[in-house]
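Please view the sequence and structure below before reading on.

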Amino acid sequence: MDNKRFETEVIHKGYHATQHQGSLAPPIFQTSTFVFDSAETGAARFAGEQEGYIYSRLSNPTVAMLEERIAAMENGERGLAFGSGMAAVSAILLGLTKTGDHVLCSEGVYGCTFGLLQLMEEKYHITHNFHSMDDEDSIRSSITDHTSVIYIESPINPTMKLVDLEMIARIAKEFGIPVVVDNTFSSPYLQRPLDLGCDVVIHSATKYLCGHGDVIGGLAVGKKELMSHLAMTTQKDIGGVMSPFDAWLLLRGIKTLPVRMDRHCDNAKKLANLLKEHPSVSKVLFPGDCDFPQYELANKQMSNSGGLISFELKGDKATAQKFMNTLRLIKIAVSLGDAETLIQHPSTMTHAVVPEENRKQMGISDQLLRLSVGLEAWEDIWADLDQGLNQI
Ligand code: 3LM
């Protein structure tokens, strides 16, 4: 990262005020198209013989600043911005597969990613299977001649299970298969999959990178050659690109990512410990808990344990819903990584599209709740949780 530290790059990378009349904040290039000074210039740009902007679905200066910044943050060569996290996931997965291929996937992914994999299988005969990814031999034997990508979330939404990224990258290299990691739950501040040998990182930028709950966006980072190919194919031709204004909001939000993440992590640690002790709670799933089954792996590949806690209540679906309805400060909402603490019920919300059998296999019970710990005073968040827990 040009020898600068992460905390510096999140503020400066990709923007040069001197090139923009000294404006401290980057300009929003709110334009759909760019004027050529001659027909020949236009032709040369289309032919790739001359650098320069053409049309904002192909690239835009404000969006390009964000792409440069996320590439530095993930220690990758090139970043691409998309109109949503799912636009990024679909552009990458469709770009790396063709009919007849197979995707080896972590046992558990975000509900819409599950839906996309189903769609790819039904419409394009691109098969997939879910794997716990915890045993090297078993992973090797699940790779077929048709496996063209290994797709992972870590931590997995919402069960918080981890996948050993360095181990997967090592196995994948033996077979020459790219590893794609959805790094949404960690953010690049806590985990950098490319440094561990993985090939492409994806973010729902809607979450921690934005941090303020006011953008839907996606980002992806990888090697220049691969990302340039994806830019010219599934990004450009499917066309799920990011708007300049959303890129601007993300450039702004990203500046405070490190300080926000520190606070999310501190708050979550305190709350996870308190939840663990409460008699109404049967299980806490949090990578920073020393009893978490993959606590050592969390310490190995993440610099801190993140701001998400999943927990099970003693009871059933009705208990979980009753508890949610008692909360006052904490908002009932999907999404995560915002300043506000949010709670959601995965089996009826983010993972409702996943058939019950698959949900059970992934470890998503009806009494499981996911808490995205916000930036409020932890004492106030706990007071709300505690009063709710005491009512069930
Ligand atoms: C959620 N998740 O509340 P967008 N990858 C991961 C995600 O968690 C998500 C995406 C990709 C949630 C959204 S549910 C209707 C709300 C790990 C989104 C997709 O396309 O930017 O929403 O990202 O868990």
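## Domains

In contact with each other, defined as heavy atoms within 4.5 Å, are 40 residues of domain 1 and 40 residues of domain 2. The domain assignment of the protein chain places domain 1 at 6–254 and domain 2 at 257–391; such bounds come from an automatic or database assignment. Taken over C-alpha atoms, the centres of domain 1 and domain 2 are 27 Å apart.

## Basis of the model

This is a predicted model, in which local features need pLDDT of at least 70 and side-chain atom pairs count only at pLDDT 80 or more, while totals for chains, interfaces and linings use all residues. Residues are numbered from 1 along each chain as its sequence is written, and side-chain values use heavy atoms, with hydrogens and water left out.

## Surroundings of the ligand

The ligand lies between domain 1 and domain 2, because both give residues to the shell around it. This shell holds 17 residues, the closest being Asp182, Thr206, Lys207, Ser335 and Arg370; a residue is near if one of its heavy atoms lies within 4 Å. Four residues of the shell are nonpolar, nine are polar and four are charged, where Asp, Glu, Lys and Arg count as charged and Gly is among the polar residues.

## Polar contacts and cover

A polar contact is a pair of N or O atoms within 3.5 Å. A polar side-chain atom of Ser204 is 2.9 Å from an oxygen atom of the ligand, and for a polar side-chain atom of Arg370 the distance to a ligand oxygen atom is 2.8 Å. Ser335 instead places a polar backbone atom 2.7 Å from an oxygen atom of the ligand. Of the 550 Å² of accessible area that the ligand has on its own, the protein covers 86%, by the Shrake-Rupley method with a 1.4 Å probe.

Technical notes. Polar contact = N/O pair within 3.5 Å; in protein donor to acceptor, adjacent residues only side chain to side chain.
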